[in-house]
Amino acid sequence: MQFSFTSEQEEFRSVLRRFLEEKSPPTLVRRLMETDAGWDRAAWRDLNQQLGLAAIHIPEAYGGQGFSFIELGIVLEEMGRALLCAPYFSSTVLAATAIMNAGTEAQKRDLLPPIAAGDTIAALACTEPNGQWDAGGVAATATPVNGRFRLEGVKSFVVDGHTADQIIVLARRPGSTGTDGLSFFTVAGDARGLTRRALKVLDPTRKLAMLTFDSVEAALLGEEGAAAAPFARTMTQAAVCLANEMVGGAERLRVSALDYANLRVQFGRAIASFQSMKHKQADMLLEVELAKSAAYYAAAAAADDDPDLPAVASMAKAAASEAYMQTAIHTIQIHGGIGFTWDNDTHLWFKRAKASEVFLGDPAYHRERMMRVWGA
Amino acid sequence: MTEASVRAEVRAWLEANWNTDQGLVAWRHKLIDSGWGVPTWPAAWYGRDLPAALAPIVEEEFQRIGAIGVAKTGIRRLAAATLLTHGTDEQKRRFLKRSLSGEDTWCQLFSEPGSGSDLAGAMTRAELKGNRWVINGQKVWTTSAHHADWGLLLARTDWDAPKHQGLTYFVIDMHQPGVQVHPLRQMNGHASFNQVFFTDAEVPPENLVLDVGRGWAVATTTLMHERREADGIRTWGQGSDRVGRIYDEERAETATVMEPYKWYPQRAGRVDLVIERAKATGTINDPVVRQEIAKLLALSKSAEWTARRARAAQLQGKPQGPEGSLGKLASSHVARLAAHVHTMITGADAMLSGADAPMEGVIAEILISVPAGSIAGGTDEIQRNIISERVLGMPKEPRTDNDRPFRDVPKNLVV
């Protein structure tokens, strides 16, 4: 297991950090979050032409860069830090990973290259209005008709679902329950019978949509009725990615709180000189570093496809969720009144922390999942 | 000097000299004289000037055949390291070899009832009367004082100097009428430490280390080695079952030194017992308990991985990141949460102790030992000061005690 980054990985991180600081300053984040799409196609093209980020963990055979989950984790940590507004988590992390896990060889050759190039934005529609993150929550049905399938049902919390060119949909054979009868399908974003509605979101830097399928024609992705395992694997890997994204955001907040405490003067001294502030900062550092250790370990476990991955992925998701939210709460508190204003940037990360806390399953869900994987 | 040549040389020496049917002290004398006992020390003082990078080769060769090294346990190792750095040649001659051989036992006389976190506030006084230093005062939390031959003593020699400049470091003979040692009973019933009372105890001038007024610098060296070896405590306990006279003697030595630490695993919270105990009590099926267990396992694993990140960075020669300074504070959190979880798992039985309690009282011992971890070796509050000041670069605590005569600094009343 890798416990430190190689010098190539460190170099990659610093290039990425400089790039994102320049390309995704808070002023741009604020502009994009006010748009309906939430991201900008020209900026997205820039990101992929210069650094090929959409292709990071996609194998070279499918037009990708063939890096591991460790490099993908670095990308997400830096994007979380910069609060980049881009369809990255939806297309590269969720949809491309689902295709890699579920698709046939021909489908991977067909579907992955345009996603890797950033030309196609894909989204994964698995969760429904019931908000369950596992197979049991899927009610949408797929009925076979002349070698194709027709989808019925409602998907919700679909990241970038209203702007994606292509939707990967998880649906079940009519009458099946639980992990049985599940299949993935591909549907074009503008398919007939598909209604897409952008949801009003708490975190405007990550857009969610509700997708209603009314007899929508869909193509099967992978094996019919066998999607439960690739779906579970996709959600596990996505949890690792989200944990790394969250620790990047938490670190950014922690440092902003420290910088502010050093600047802000009250009672004739920098508030950073008060022991209550120092101890809070020490606790914040501890929490963020512990969460980083869990997130990095989980990324290394994903890269090695370690048998313990499902447990450590859940552990990392739970740990990062709590560290991010706690850091966000402390950061607002340390800023005092200004921290509660719209003009101060802290709320942008606070809202991402809150949304990420429940996205892909809240800490309690993941702790229970971890206990089950460990046979307890 | 190459890896291969060092390996060949130490291997040949061990083959010629090591056997299990000899006395521990006799073997160590031979070992110390050869320089292989402390190979990184100077050749003039029982070492071989071996670069630190090659020291693991020597250790590997000792481990390969089960050869016993110099005495590593207890305060004697800190005494040896401190005197090697600051002692006179005469002090080195008198103390180093007998410490390395394990013949002499040491204790550390720093903490006082009036100065715990603030060690430099020591008030035990040393006064030069005639040609003897006369010591009066009280020390506390002194491990091994009841069987120590020598003590490392930090005492105040100048009350008009600022606090750090009025301290002097001595080696004191513990076997004298002016030194009285009483066990200090802790809240968990063990008496792992002592209180030491000095009433006109005497120290000859040749036992003063470095200079009058420079005791804080010497104490800092001792504390630095203590911190470095803090992890060692956990591994000492692993006694071997190897057969031979010399192993028997080593086991006896280790048992004496380890005796005060027998409850330390409980102090750390015994995370290892949690799942097994929850299964045994059936609380593993309680969703609330499951959440708390999962929180504990996540915290404990994250702390372990943070330590491994720090070690990996160190091995790669990278500058130490923040992860290297967090272990002590993290382990306090782990221990506290573990005690909380053990209580949930144990239920009403958590009111019992000893033979009536689960696991013959081990669980009870966890519950009443955990508070020590966040105090001993630097309180959580001091750790937070260190992290915020040294790692995060935040302003230092304002001080009113450093730049005036120690006599005028507010102190605790000791009655």
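**Where the chains meet**

Modeller: In this predicted model, 28 residues of chain A are in contact with 32 residues of chain B.

Biologist: What makes two residues count as being in contact?

Modeller: Their C-beta atoms, placed from the backbone, must lie within 7 Å. On the side of chain A that touches chain B, α8 (275-304), α9 (309-335) and α11 (363-373) of chain A each give two or more residues. The most come from α8(A), with 13 residues. Helices here are DSSP runs of H or I with at least four residues, strands are runs of E with at least two, and both are numbered from the N terminus.

Biologist: How do the residues on that side of chain A divide into nonpolar, polar and charged?

Modeller: There are 18 nonpolar, six polar and four charged residues. Ala, Val, Leu, Ile, Met, Phe, Trp, Tyr, Cys and Pro count as nonpolar, Asp, Glu, Lys and Arg as charged, and the others, Gly among them, as polar.

Biologist: And how are residues and chains labelled, and which limits apply to a predicted model?

Modeller: Residues are numbered from 1 along each chain as its sequence is written, while chains are lettered from A and ligands numbered from 1 in the order in which they are written. Because the model is predicted, local features need pLDDT of at least 70 and side-chain atom pairs count only at pLDDT 80 or more, but totals for chains, interfaces and linings use all residues.

**Chain A**

Biologist: Why is chain A called as compact as a globular protein of its length?

Modeller: Chain A has eleven helices and nine strands. Its radius of gyration is 21 Å, close to the 21 Å that the globule rule gives for 376 residues, so chain A is as compact as a globular protein of that length. The radius is taken over C-alpha atoms, and the rule is 2.2 Å times the number of residues to the power 0.38.

Biologist: How do you know whether Q237(A) is buried or exposed?

Modeller: Q237(A) lies in helix α7 (residues 228-263) of chain A. A residue is buried if 20 or more other C-beta atoms lie within 10 Å of its own, exposed if 12 or fewer, and partly exposed in between. Q237(A) has 26 other C-beta atoms within 10 Å, so Q237(A) is buried. Leaving aside neighbours within four places in sequence, Q237(A) is in contact with F69(A), T97(A) and A302(A). Of the 376 residues of chain A, 55% count as buried.

Biologist: What makes α9(A) largely enclosed?

Modeller: 21 of its 27 residues are buried, so α9(A) is largely enclosed by the rest of the structure. G336(A) follows α9(A) and has a positive phi, near 70°.

Biologist: Which domains does chain A have?

Modeller: Domain 1 (7-89 + 109-119), domain 2 (123-225) and domain 3 (229-373), with bounds from an automatic or database domain assignment.

**Chain B**

Biologist: How do you know that the size of chain B agrees with a compact globule?

Modeller: With 415 residues, a compact globule would have a radius of gyration near 22 Å; chain B has 23 Å, which agrees. Chain B has 14 helices and eight strands, and 38% of its residues count as buried.

Biologist: Why is M258(B) called partly exposed?

Modeller: M258(B), in helix α8 (residues 245-258) of chain B, has 17 C-beta neighbours inside 10 Å, so M258(B) counts as partly exposed.

Biologist: How confident is the predictor in chain B?

Modeller: pLDDT is the predictor's confidence in each residue, from 0 to 100. Chain B has a mean pLDDT of 93, and 97% of its residues reach 70 or more. Over residues 231-238 of chain B, however, the pLDDT is below 50.
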